[in-house]
Amino acid sequence: MLNSPQIRQQGSTMPFGNTHNQMKMKYTSEQEYPDLSKHNNHMAKILTPAMYERLRSKQTPSGFTLDDVIQTGVDNPGHPFIMTVGCVAGDEETYEVFKELLDPVIEDRHGGYKPSDKHKTDLNPSNLKGGDDLDSNYVLSSRVRTGRSVRGFCLPPHCSRGERRAVEKLSIEALASLSGDLKGKYYALKNMTEAEQQQLIDDHFLFDKPVSPLLLASGMGRDWPDARGIWHNDNKTFLVWVNEEDHLRVISMQKGGNMKEVFDRFCTGLTKIETLFKERSHAFMWNEHLGYVLTCPSNLGTGLRAGVHVKLPNMSKHAKFEEVLKKLRLQKRGTGGVDTAAVGGVFDISNADRLGFSEVELVQMVVDGVKLLVEMEKKLEKGQSIDDIMPAQK
Amino acid sequence: MPFGNTHNNFKLNYKVEEEYPDLSKHNNHMAKVLTKELYGKLRDKQTPNGFTLDDVIQTGVDNPGHPFIMTVGCVAGDEESYEVFKDLLDPIISDRHNGYKATDKHKTDLNFENLKGGDDLDPAYVLSSRVRTGRSIKGFTLPPHSSRGERRGIEKLSVEALTSLDGEFKGKYYPLKSMTDAEQEQLINDHFLFDKPVSPLLTCAGMARDWPDGRGIWHNDSKTFLVWVNEEDHLRVISMQQGGNMREVFRRFCVGLQKIEEIFKKHNHGFMWNEHLGYILTCPSNLGTGLRGGVHVKLPKLSTHPKFDEILTRLRLQKRGTGGVDTASVGGVFDISNADRLGSSEVAQVQMVVDGVKLMVEMEKKLEKGEAIDSMIPAQK
């Protein structure tokens, strides 16, 4: 049994947990309020000087402060076209202590999701209809990923080495007890051999130290590569990242278009892992309002991104491509992932939503939407119009 | 604290072994000194401003170092860091600054008249001369730790102080965040502009937070005296000009610095200084004088001589490329400057540069004529 931390103490009994935050209180709110005049991210839209003043003296029980929440958004003004979130959580309580800031950010980011809304979790793969017959001439690969946070530990922007190592230790124990199709092995980043590293790169499994300033500015890169690692099953279809942007990232993937199988394995594996963590008195962070609690507010709810790599050379050049995606509640990315460009007409198509829909619903949208997009592609190949199969807004 | 080390007490729930960093692949001063025992001893301490051991060492944990270059691997977050964490920082200072002991006293000498010569370095070889140092302002925390309010407070004080200068020091302040394109272009052409740090050594220490808020550049009208505000230190003060008149550069440096210091003192914000460590700066490598006096000098022959590095060591000088630290030299032109910072005065360090460069130019001339330089090899200073 791990040396679990005591119940987190209230800020007032911490001898010096937020000495620095208290010191900052000597400056007026105007003096400390960040200059957000050139910023375009969710945090900058919401955080007024008056709100900054109300929240700046607060801290979570583990000492995460308002400035900690917003640092990444202050340091990264954003992009004129891409709306970044600009804030992170340092622990589960962040979403409560700083709800005045985070609720509007969540609402803005997740299609009007209200503070009173309830999120539905459904990880029962038999509720998915179809999904086993996406045309593999077009759908090259299928993948589902999500994140999970382990209750009792701070999140990657805030966790200490001791906490990170404890998360790693728990994860290794839990994963090592998986069997059958899910039997696998853990590769710690810091003792990886050259051969192992090369293999993981070839398998497209290896993650590296974040280079994005969005992640680094929030403190997630500290102490790299200590307690970071990759676990995967022998069949290389189920993969877990430990201590990257979230405590755990869980990925199920395989070549071809059988999204149903990918989702089956995803649900089975995830549920097994959750059971193992619960047995060790460390459930996943979850509540009925926000669903699964993750580092970035954009990943709340299901934290799920289900997607395919699909050949759509004709469809992607069609004038209504973007509109079709929007109606289907899907988004496109290049095959290198977020912020990359498509190569050879092959796109990464995945669900746009995370919160307010269940896992089954989101994967259903991907399955149905991709099926339609492939039909459209085939029509366009034959020089036919696609106007009569345009979907309604989901 | 920007990277969440404010929950130091929470971390004490974990054992020392669990929190002690893995330094097995590290090669920096901090990693050489910080044993598990020392970590255990210091981990529950904090400065009055809340800077903790993990804050001090984060940059050294995140940047294992280079097999050939020994980085420091730790920073101060405030003046008190050097006292509260002396068990770690004293041995590092000793290792970095030639055995400087915890009981040693540092001498400050900014009287430029004590410099002998220095006005006649041959401009056919010495292309430019420059002296820089850093200063920290008492009453504020340092760049790894400072809040926006503090940084802006420093900027405001600095702008007040600098804009009150006159005569040869009359000049203008350019805040980074409101610079026009034209101003930016000009500052780049003058080689004055500094940009957001990209070096992970600096960014991991938290110095780049809130960029470019509170940062700026001031320079005099003649472009020979320049101050950076809120980069790696509160202030970086630079005196420079074309040619080899280091004496004049040093005069302006001393006079300008002292004028600035007087104004800060009047506002009850003197510079951080003590008789043991001299001027207190963010990086322990810059303690003492914080001074780097150097020239860009053409040494195409001497630099390829087998004894070049030995000569530099004996003269207590170091070489860099003309792009600054970590760059390579181009066309046989080197940046030659003093290696020392702590344990010798400003005058003594600039004297070493003046005398050393004079000797090296003589050696270069001899080698040009095909003569030997063996008889000129200096003794160890």
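This is a predicted model: local features need pLDDT of at least 70, side-chain atom pairs count only at pLDDT 80 or more; totals for chains, interfaces and linings use all residues.
Helices (H or I, at least four residues) and strands (E, at least two) are DSSP runs, numbered from the N terminus. Residues are numbered from 1 along each chain as its sequence is written, chains are lettered from A and ligands numbered from 1 in the order in which they are written, and side-chain values use heavy atoms, with hydrogens and water left out.

**Inside chain A**

- H232(A) counts as buried because its relative accessibility is 7%; buried means under 20% relative accessible area, exposed over 50%, and partly exposed in between (1.4 Å probe, protein chains only).
- Leaving aside neighbours within four places in sequence, H232(A) is in contact with G184(A), K185(A), Y187(A), L200(A), F205(A), F238(A) and L239(A), where contact means heavy atoms within 4.5 Å.
- Helix α5 (residues 66–75) of chain A is mostly covered, with 10 of its 10 residues buried.
- Among the buried residues of α5(A) are L66(A), D67(A), V69(A) and I70(A). Keep D67(A) in mind for the next topic.

**Where chain A meets chain B**

- The contact draws on 52 residues of chain A and 47 residues of chain B.
- The size of an interface is often given as the accessible area lost when the parts come together.
- Here, chain B and chain A bury about 3900 Å² between them, and 44% of it is on carbon and sulfur atoms. Buried area is the accessible area (1.4 Å probe) that two parts lose on being put together, summed over both.
- There are 4 salt bridges between chain B and chain A; a salt bridge is a side-chain nitrogen of Lys or Arg within 4 Å of a carboxyl oxygen of Asp or Glu.
- D67(A) forms a salt bridge with R148(B), and their closest N and O atoms are 2.7 Å apart.
- Chain B and chain A also share 26 residue pairs in polar contact (both at pLDDT 80 or more). A polar contact is a pair of N or O atoms within 3.5 Å; within protein, one must be able to donate a hydrogen and the other to accept it, and residues adjacent in sequence count only if both atoms are side-chain atoms.
- On the side of chain B that touches chain A, at least two residues each come from α1 (8–11), α2 (16–19), α5 (53–62) and α8 (148–163) of chain B.
- The largest share of that side, 5 residues, comes from α5(B).
- By class, the side of chain B that touches chain A has 18 charged, 15 polar and 14 nonpolar residues. Ala, Val, Leu, Ile, Met, Phe, Trp, Tyr, Cys and Pro count as nonpolar, Asp, Glu, Lys and Arg as charged, and the others, Gly among them, as polar.

**Two domains in chain B**

- Chain B is divided into domain 1 (5–97) and domain 2 (112–369), with bounds that come from an automatic or database domain assignment.
- The C-alpha centres of domain 1 and domain 2 of chain B lie 27 Å apart.
- Their contact takes 22 residues from domain 1 of chain B and 24 residues from domain 2 of chain B.
- The area buried between the two domains of chain B is about 1800 Å², of which carbon and sulfur atoms give 65%.
- E79(B), Y82(B) and H97(B) supply 34% of the area that domain 1 of chain B buries against domain 2 of chain B, more than any other three residues.
- The count between domain 1 and domain 2 of chain B is 1 salt bridge.
- The side chains of K138(B) and E79(B) meet in a salt bridge (3.1 Å, N to O).
- Across this domain interface of chain B there are 8 residue pairs in polar contact (both at pLDDT 80 or more).

- M30(B) is found in helix α3 (residues 29–33) of chain B and counts as buried, because its relative accessibility is 0%.
- Not counting residues up to four places away in sequence, M30(B) touches several residues, including L23(B), I57(B), V61(B) and I92(B).
- V353(B) sits in helix α13 (residues 346–368) of chain B and counts as buried, because its relative accessibility is 0%.
- V353(B) and R316(B) are 37 residues apart along the chain, and their C-alpha atoms are separated by 8.5 Å.
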